Amino acid sequence: MTDFPLVISIANRKGGTGKTTTAVNLAAEMAALSIRTLLIDIDTQNHASLGLGLAQADFNAPTAHSVLRSGDATIESAIRETPWRNLAFVPPDPLFDDRDALDDFGMLDRALRQVGIARRFDLIIVDTPSSLGIALMNGLACADGLLVPIVPHSLALDGSLQLMRFIFRMALLKASGLAHTAILPMMFDDRTALHTEILDQARATHGADKILRGIRTDLHLIEAFGAGKPSRHHAPRSRGTGDYHALAKYLRDNWLPPNIQDRTIATTDDSKYTERLKQICRKNINDANR
Ligand SMILES: Nc1ncnc2c1ncn2[C@@H]1O[C@H](COP(=O)(O)OP(=O)(O)OP(=O)(O)O)[C@@H](O)[C@H]1O
Ligand SMILES: [Mg+2]
């Protein structure tokens with residue numbers, strides 16, 4: 001059986017909550033953990049390319065939107081390499097219009113569940129637009145996991161909770177394979193009473209495991225974006241890099257399947273790997289003694 005990569009979509013109907021910043025930096029951190037990562041941008045604003053410092057490709061080159069236009073197009077033909085190991089990128093088409101698309105929410109999902117993609121990648125991260133349209137619906141429908149970045153002030157939370165309710169309904173329908181959902185607090189300050197209060201309220205409503213530790217405000221993230229590099233390659237010791245590194249490890253350990261965890265932990269985190277090996281050995285010895 002083919003193991004398809006885990007697909008994590010990053011979405012929020014509200015604009016400017018840190019979706020693209022998260023897509024670029026999470027993808028870079030995952031790649032640094034030896035997880036073969038494909039970042040797909042389906043937002044016509046084309047901002048992820050800027051964050052990766054990639055110039056606009058040839059005007060006629062295939063894009064992520066090619067698969068929304070035609071059932072025959074493939075994602076594979078739109079993949080571009082980046083300067084960083086284990087990290088590849090699929091750009092959007094800035095000229096895409098919903099009227100160009102087929103009326104089908106499953107196009108991206110089908111384009112991703114291909115053996116050629118499965119051989120090359122462990123993880124796919126999809127950066128989605130804020131506007132509700134065919135691209136966002138395709139970005140939600142292909143997701144195994146959904147991250148919703150929110151800025152914790154009450155208005156932002158209102159819009160995000162609406163999206164979460166919508167997503168939970170989708171997950172309940174079982175039509176989508178959505179296995180994980182979580183809110184990612186963005187640009188928060190744990191010394192601000194209002195932020196703490198709102199996040200506590202969100203934990204009480206959705207469960208503590210649905211509210212991740214989040215990404216604190218850090219101007220290095222803005223600087224890195226301007227320099228066309230993921231933060232770990234621009235300001236490796238910054239708070240933003242540290243927060244995204246912690247997020248990547250959390251998602252690796254809690255969302256990615258065990259076969260990928262084991263392989264990547266083996267190459268990146270010796271102490272944890274040794275502990276895991278010890279557990280496996282102990283289990284084998286116990287089984288043998290039974
Ligand atoms: N943790 C952070 N600290 C400081 N600034 C941040 C942080 N996260 C994001 N920003 C800044 O907030 C702005 C919006 O972020 P970003 O473009 O990632 O949001 P978005 O949700 O992708 O927006 P859009 O809806 O337009 O696609 C950017 O200027 C970005 O640099
Ligand atoms: Mg964006």
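Modeller: Asn12 is buried, with 26 other C-beta atoms within 10 Å. By the way, this is a predicted model: local features need pLDDT of at least 70, side-chain atom pairs count only at pLDDT 80 or more, and totals for chains, interfaces and linings use all residues. Residues are numbered from 1 along each chain as its sequence is written, while chains are lettered from A and ligands numbered from 1 in the order in which they are written.

Biologist: Why is Asn12 called buried?

Modeller: A residue is buried if 20 or more other C-beta atoms lie within 10 Å of its own, exposed if 12 or fewer, and partly exposed in between, with C-beta atoms placed from the backbone. Asn12 has 26, so it counts as buried. You'll find Asn12 in the loop between E1 and H1. Its C-alpha is 8.6 Å from that of Leu147, although the two are 135 residues apart in sequence.

Biologist: What makes Phe188 count as buried?

Modeller: Phe188 has 22 other C-beta atoms within 10 Å, and the cut-off is 20 or more, so Phe188 is buried. Phe188 belongs to strand E7. Its C-alpha lies 9.0 Å from that of His153, 35 residues away along the chain.

Biologist: Which residues are in contact with Phe188, leaving aside its neighbours within four places in sequence?

Modeller: Those are Pro152, His195, Gly214 and Arg216. "Contact" means that two C-beta atoms, placed from the backbone, lie within 7 Å.

Biologist: What makes you say helix H6 is largely enclosed?

Modeller: Simple count! All 8 of the 8 residues of H6 (residues 134–141) are buried, so the rest of the structure largely encloses H6. Among them are Ile134, Leu136, Met137 and Asn138. For the whole protein chain of 290 residues, 43% count as buried.

Biologist: How many helices and strands does the protein chain have?

Modeller: There are 12 helices and 8 strands. Helices (H or I, at least four residues) and strands (E, at least two) are DSSP runs, numbered from the N terminus.

Biologist: How do you know that E6 and E7 pair?

Modeller: Two strands pair if DSSP finds at least two bridges between them. Strand E6 (residues 145–150) and E7 have 6 bridges, so they pair, and they run parallel.

Biologist: What makes the largest nonpolar core a core, and how many residues does it have?

Modeller: A nonpolar core is a set of buried Ala, Val, Leu, Ile, Met, Phe, Trp, Tyr and Cys residues joined through C-beta atoms within 7 Å. The largest one here has 69 residues; Ala27, Leu39, Leu123, Ile124 and Ile125 have the most contacts inside it. H1 gives the most to this core, with 8 residues. Leaving aside neighbours within four places in sequence, Leu39 has contacts including Ala23, Ala27, Ala48 and Phe89.

Biologist: How many residues surround ligand 1?

Modeller: 20 residues surround ligand 1, the closest being Gly15, Gly18, Lys19, Thr20 and Thr21; to be included, a C-beta atom, placed from the backbone, must lie within 6 Å. H1 (19–32), E7 and helix H9 (219–226) each supply at least two residues of this shell.
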